[in-house]
Amino acid sequence: MNTAAMSRYTARRQQLTAGSSSPGVVLEVAGDLLRRSRQVGTEGVEDALRGLGRREVETWLQAQKPQALQPVLLRAAEEAVEVVLDGGEEAEMWRLSAMEGLAARDRAASAVVALVAWEALHGPLDGEAARNLERFVEGLGKLDSALRPRARWFIPLNPQRRQERDLLEPAEQDKAWWFSARAGCDDLVATWTGGAQSSTPHLQGCADCRADIADAAPVDSPPRRHLTEDDLWRFDMGLMSEDERSRVDAHTARCGECAQAVLALGEGDDAIEDALEMEEGDAGLSPAARTSRAPVSQRPLAARHPEHREVLEERREFRVVLVRERQRVRLLVQPLAGRTVTAAVFLSPGRPSLKPSNGPEGLSFDLTTASSTGARSAHLSVQAGNETMEKDFAF
Amino acid sequence: MYEQLSDDELFAEVVRRRATDEPFGGPLGTLVQRWNRPARYVISKIQASYGRGSPADADELFQDAVGKFLDRGLDQFRGVSQQMPGRSASPKTFFLRIVKHVAIDFYRRHREELAAPPSDPDDAMEEPPSETARAVELGRRREERAEAQELYWAAFARLQQEHPKEASAWELYHHEDVEDHEECARRLNISVVNSYKRVSRAQAYLKLYLLDLQRESPGEEA
């Protein structure tokens, strides 16, 4: 039995008979009791409504602005989420404040019910007052249409919401979405910060929770921020900070599309050098060509590492890259899409594979020694999931 | 009349005329005409790097590069050549660098489109029915992915607006591939515990924002 909530409504009953209560309070309290009649009784309600004059009701209705409840409920939603995210000493404060927001919406629903009862006693409102009542009810309907789909925000308040829901008459429970919608979905909260791995019988059986988990999945594997045109330019021109360059390194180690762009920057530099050399080598050198050719020492140096990368193979599961540095050659097998990749490099048949090292970019096979002893080709074997690849390559 | 001038002299003339609002089409035209051949060579190499492209693309890219050189390049070149003399030693090299970037940007942008199935209905009819259905399905999935991405970034924009600290931590940890709380903490000048907390809070809010946006988007039930 929810004694705390019940005693709160019982105490509210005293406001009906206090005499000094405003028409709004009388309507809200009367409605509160009418909507919970089986649990708390309706004693005093009829007398209080009979004592409420037509003029008082009309004036009260004229002042109602249901849209003002929207920011109240939105703030309550944020506060409700803070109950679980904050989790500290302030959680109780967030909970009370959020529940007060829901109570504000509930009091408006009570006022509507009380107005219907009032009309049964005094006769229907007419003219401007009738239109104001219609606008009031319509405004609450619009508010509910906009906010009911966000009921998941109130899940952290579920223990208190269920208590409130259970006090309501059965016919009122579903209408009072602020107390009843997603009131059994407590398990969903764990997935907000922990991913969808924590499956429980409720999460498996609740269509709303299943839909939420599926639709929020992009947050569990968020898209990466690709390098923009400006990023590439600043990277190429050496205008990036050390942290920014680290970001480029980290990103291109995992993103084939951006790695290709960085690779193309290097190939473009080679092309620029070649183009300038070709022009220089032309028999009929024009003055312009001569003067525009920079001394070798002043040629543009890309900001990237002094290495040349060649993509030998790109599959869905992995990428094979030959990396030539000044005095080093290595073969990289980079896993894509989070796959585990195994690979072996054989310099000649019957000999064991080169030993790879595992680094942030994937498996790396150092071919420097082999290259210095005259080897120029090798055989590569890669396995990733169900995909296998056998390939001879030159280096 | 410009033939006898060197590149540097022509470039200086373009800059001077531009600064004094005089017509500079003549010297600029001569200059970029001289650079046409190396520019096309650079474009061809970028095309080869991306495994696609046509001579028609090359014309368009060359024109774009000239436009960019004019719009931003002239001032940029002056800045770069003063600050970092080694980066682009001559206007020509700088122009070729712009060409390179214009080409790379173009093929990055068109990567998806170029990989897409033919849009010509006649071509499509030649495909076996199963291939057509597959292409349609791929197109639909691509569209859905694009839409999902758009909503994700809208949710992230809302996070940036309403919880900027959490958004910064999320941006660094996930979008910028740091994925290490110690490094996040160092870069944001916060404690490691705080980094964990901010990323976790960001995750919760992002999910809630994303779900709100999905339910609000057209076609979804309110």
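The model is predicted: local features need pLDDT of at least 70, side-chain atom pairs count only at pLDDT 80 or more, and totals for chains, interfaces and linings use all residues. Residues are numbered from 1 along each chain as its sequence is written, chains are lettered from A and ligands numbered from 1 in the order in which they are written, and side-chain values use heavy atoms, with hydrogens and water left out.

**Chain B overall**

- Chain B has 11 helices and 0 strands. Helices (H or I, at least four residues) and strands (E, at least two) are DSSP runs, numbered from the N terminus.
- Of its 222 residues, 45% count as buried. Buried means under 20% relative accessible area, exposed means over 50%, and partly exposed lies in between (1.4 Å probe, protein chains only).
- Take the chain B contacts between residues at least 6 apart in sequence: 59% of them join residues at least 24 apart. Contact means heavy atoms within 4.5 Å.

**Contact between chains A and B**

- Chain B gives 67 residues to the contact, and chain A gives 69 residues.
- The two chains bury about 6,300 Å² between them, with 55% of it on carbon and sulfur atoms. Buried area is the accessible area (1.4 Å probe) that two parts lose on being put together, summed over both.
- On the chain B side, B:R108, B:D177 and B:K207 lose the most area to chain A. Together they make up 11% of what that side buries.

**Two buried residues**

- B:D212 sits in helix α11 (residues 192-216) of chain B. Its relative accessible area is 2%, so B:D212 is buried.
- The B:D212 side chain makes a polar contact with the side chain of A:W153 at 3.1 Å. A polar contact is a pair of N or O atoms within 3.5 Å; within protein, one must be able to donate a hydrogen and the other to accept it, and residues adjacent in sequence count only if both atoms are side-chain atoms.
- Leaving out residues up to four places away in sequence, B:D212 touches A:R150, A:R152, A:W153 and B:R158.
- A:W192 lies in helix α12 (residues 188-194) of chain A. A:W192 is also buried, at 2% relative accessibility.
- With residues up to four places away in sequence left out, the residues that A:W192 touches include A:R152, A:P156, B:Q203 and B:K207.
- A:W192 and A:A216 are 24 residues apart in sequence, and their C-alpha atoms are 8.7 Å apart.

**Strands of chain A**

- Strand β3 (residues 328-335) of chain A is mostly covered, with 6 of its 8 residues buried.
- Strand β2 (residues 318-325) of chain A pairs with β3(A) in the antiparallel sense over 8 bridges. Two strands pair if DSSP finds at least two bridges between them. A:F318 stands opposite A:P335 in β3(A).
- β3(A) also runs antiparallel to strand β6 (residues 362-366) of chain A, joined by 4 bridges. Here A:V333 stands opposite A:L363.
- An open, antiparallel sheet of 3 strands has the order β4-β7-β8 in chain A. β4 (341-346) and β8 (387-394) are the edges; each has a single partner strand, so one side of each has no neighbour in the sheet.
- β7 (residues 377-384) and β8 of chain A share 8 bridges. A:A384 stands opposite A:E387 in β8(A).

**A helix in chain A**

- Helix α7 (residues 91-122) of chain A has 32 residues and reaches 46 Å from its first C-alpha to its last. That is close to the 46 Å expected at 1.5 Å a residue. The expected span is 1.5 Å times one less than the number of residues.
- Just after α7(A), A:G123 takes a positive phi of about 90°.
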